[in-house]
Amino acid sequence: MRHANKYKTPHLHHDDDLIVEIDSTDEQHREVSCSHKHSFYSVFWIHEGIGNHIIDFCNYEIVANRIFFLRPEQVHLLCVDNQKIKYSTVQFCEDFYMLFAKNSDKNLPVFVDLESEDDINYFMQLWQRLMNEKLSSQSFKFNIIQGEIYMLLFRLMRIAEDNTKQLQQQPEIIEKYQYLVEHHFIEKHLVAQYAQMLGVSSNYLNVLVQKYLHCQASQLISNRIVLEIKRKLLDTSLSVSEICYMLGFNEVSYFSRYFKRQTGERPISFRNRMNKLYKK
């Protein structure tokens, strides 16, 4: 059995607000070779490579013309067979993301597959425009880069929607519920709170979630809370009690029982296991 290596990708530094790279390959010593999270947005377009991209504790296969989108605070690790990978990337701070966020109430998926030559050519040209603008010193540089990133993200959104047209179409209320959970899970733990924000009953919301997402509406909230707990447990500078109060729990004992009920292990056990798995 071949073992995938932990691959080192470029990082946005504190004095940068944008990184653009095209056709990078076999880069070394660019970042720590363990699971980690960023304070910026990242788009990775895979051109060649075999392995897995672990994002928020889920494995995603690395295949050609797959574009990964990473948000701030997401934990990720590239594991590539034989350390051979070719990719293009753009990483940007919140200022460049604001225009997209202002005009979208939907979340981009973890990855999008490019299946047509038109899409591949579009992104090749877009990446080159970003690179050219990054290197330029002309006026309105920020505005043009922000506009290009805006186009990049909405083009990814369009492709994602086109790729799922053959699946059962979800009603808009489901997408709004998922969006609200993503943005309010720390202070709102009850389905009734989201149902009120959506102007529907809890029962109706639960019926829709069960029909289209095949789980209870409450499970979406629990899943998001547990994901955030896992992310924060990787930060060994935070104690379990600090994480407990940061995520809206009032008692550490209840917090630990909640996490064990959802995952089957105590928070400290999960932390120790992840440290052994990712940080050797």
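Reply: Gladly! Two strands pair if DSSP finds at least two bridges between them. Keep in mind that this is a predicted model. Here, β6 and strand β8 (residues 111-113) pair in the antiparallel sense over three bridges, with isoleucine 67 opposite valine 112 in β8.

Me: Which strand pairs with β6 over five bridges?

Reply: That is strand β4 (residues 41-55), again in the antiparallel sense. Valine 43 stands opposite phenylalanine 69 of β6.

Me: How should I read the side chains of a strand, and which way do those of β6 point?

Reply: In a regular strand, side chains alternate between the two faces of the sheet. In β6, Arg66, Phe68 and Leu70 point one way, while Ile67 and Phe69 point the other way. Five of the five residues of β6 (residues 66-70) are buried, so the strand is largely enclosed by the rest of the structure.

Me: What about a helix?

Reply: An α-helix has 3.6 residues a turn, so residues three or four places apart point the same way. Helix α3 (residues 141-163) has 23 residues and reaches 33 Å from first C-alpha to last, close to the 33 Å expected. Its buried residues include Ile145, Ile149, Leu152, Leu156 and Ile159.

Me: Is cysteine 93 buried or exposed, and why?

Reply: Buried means under 20% relative accessible area. Cysteine 93 has 18% relative accessibility, so it counts as buried. Cysteine 93 lies in the loop between β7 (75-92) and α1 (94-102). Its C-alpha is 5.3 Å from that of aspartate 17, although the two residues are 76 apart along the chain.

Key: Residues are numbered from 1 along each chain as its sequence is written. This is a predicted model: local features need pLDDT of at least 70, side-chain atom pairs count only at pLDDT 80 or more; totals for chains, interfaces and linings use all residues. Side-chain values use heavy atoms; hydrogens and water are left out. Helices (H or I, at least four residues) and strands (E, at least two) are DSSP runs, numbered from the N terminus. The expected span of a helix is 1.5 Å times one less than its number of residues. Buried means under 20% relative accessible area, exposed over 50%, partly exposed in between (1.4 Å probe, protein chains only).
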